[in-house]
Amino acid sequence: MKKSILILGIIAFSFISCKIATGKVKEETKTEEVVNLELKNSKWRLLKMNGKVVKKDPNIEKEYGITFNPEGRFSAYAGCNSMAGSFELQEDVSRIKFSKVASTMMACQDMETEQELAKILEMTDNYNFDGKTLKLNKARMAPLAEFEIIR
């Protein structure tokens, strides 16, 4: 009788252990899929460039930031002209490369912020992304730009 109870206990424990392990793996995979999906189809508000808080012109309604689409294209805005181009991700090593960047050519009073953002996009080679915050980096330097998620 004691052997039967012991065997049933071992079987039950094994079954529960397998369920817990299986559930954990599925949860981690799901989280990874959500993170990947969000970066490829997301919109970000620009917070800082080169460690300095970006002050948005209160007269401009449009958000300063960057938008990524699932087809590998991005658009960006920082006060005057719109920028657009392509991006390539290597998610397994957190690499990003911006290319074919084009911009409208309007002359504005303050173009310093957008010129700085354009330089940052050109220099960026990696990123940090936690689902809420995106940091664009060059090598192991301090973040070049920091963004918060809008959607």
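A residue is called buried when its relative accessible area is under 20%, exposed when that area is over 50%, and partly exposed in between, as judged with a 1.4 Å probe on protein chains only. The structure is a predicted model, in which local features need pLDDT of at least 70 and side-chain atom pairs count only at pLDDT 80 or more, while totals for chains, interfaces and linings use all residues. Residues are numbered from 1 along each chain as its sequence is written, and side-chain values use heavy atoms, with hydrogens and water left out.

Cysteine pairing was examined with the rule that a disulfide is a pair of cysteine sulfur atoms within 2.5 Å, and the count by this rule comes to 1 disulfide. The bond joins Cys80 and Cys108, whose sulfur atoms are 1.6 Å apart, and the link is right-handed, with 60° about the S-S bond. Because Cys80 lies in the loop between strand E4 (73-77) and strand E5 (82-90), and Cys108 in the loop between strand E6 (95-103) and helix H2 (112-123), the pair ties together parts that are 28 residues apart in sequence; here helices (H or I, at least four residues) and strands (E, at least two) are DSSP runs, numbered from the N terminus. Cys80 is buried, at 7% relative accessibility, whereas Cys108 is partly exposed, with a relative accessible area of 31%.

Rings of Phe, Tyr and Trp (its six-membered ring) were paired if their centres lie within 6.5 Å, with planes under 30 degrees apart counted as stacked, over 60 as edge-to-face and the rest as tilted. The whole structure holds 5 aromatic pairs. In one of them, Phe68 and Phe87 have ring centres 4.9 Å apart and planes at 75°, so this pair is edge-to-face; Phe68 belongs to strand E3 (residues 65-68) and Phe87 to strand E5, 19 residues apart. Both Phe68 and Phe87 are buried. Phe74 and Phe98 are likewise edge-to-face, because their ring centres are 5.1 Å apart and their planes stand at 80°. Since Phe74 lies in strand E4 and Phe98 in strand E6, this pair ties together parts that are 24 residues apart in sequence. Ring pairs link Phe68, Phe74, Phe87 and Phe98 into a cluster.

A nonpolar core is a set of buried Ala, Val, Leu, Ile, Met, Phe, Trp, Tyr and Cys residues joined through side-chain atoms within 4.5 Å. The largest such core has 27 residues, and those touching the most other members are Ile66, Phe68, Phe98, Leu134, Leu136 and Phe147.
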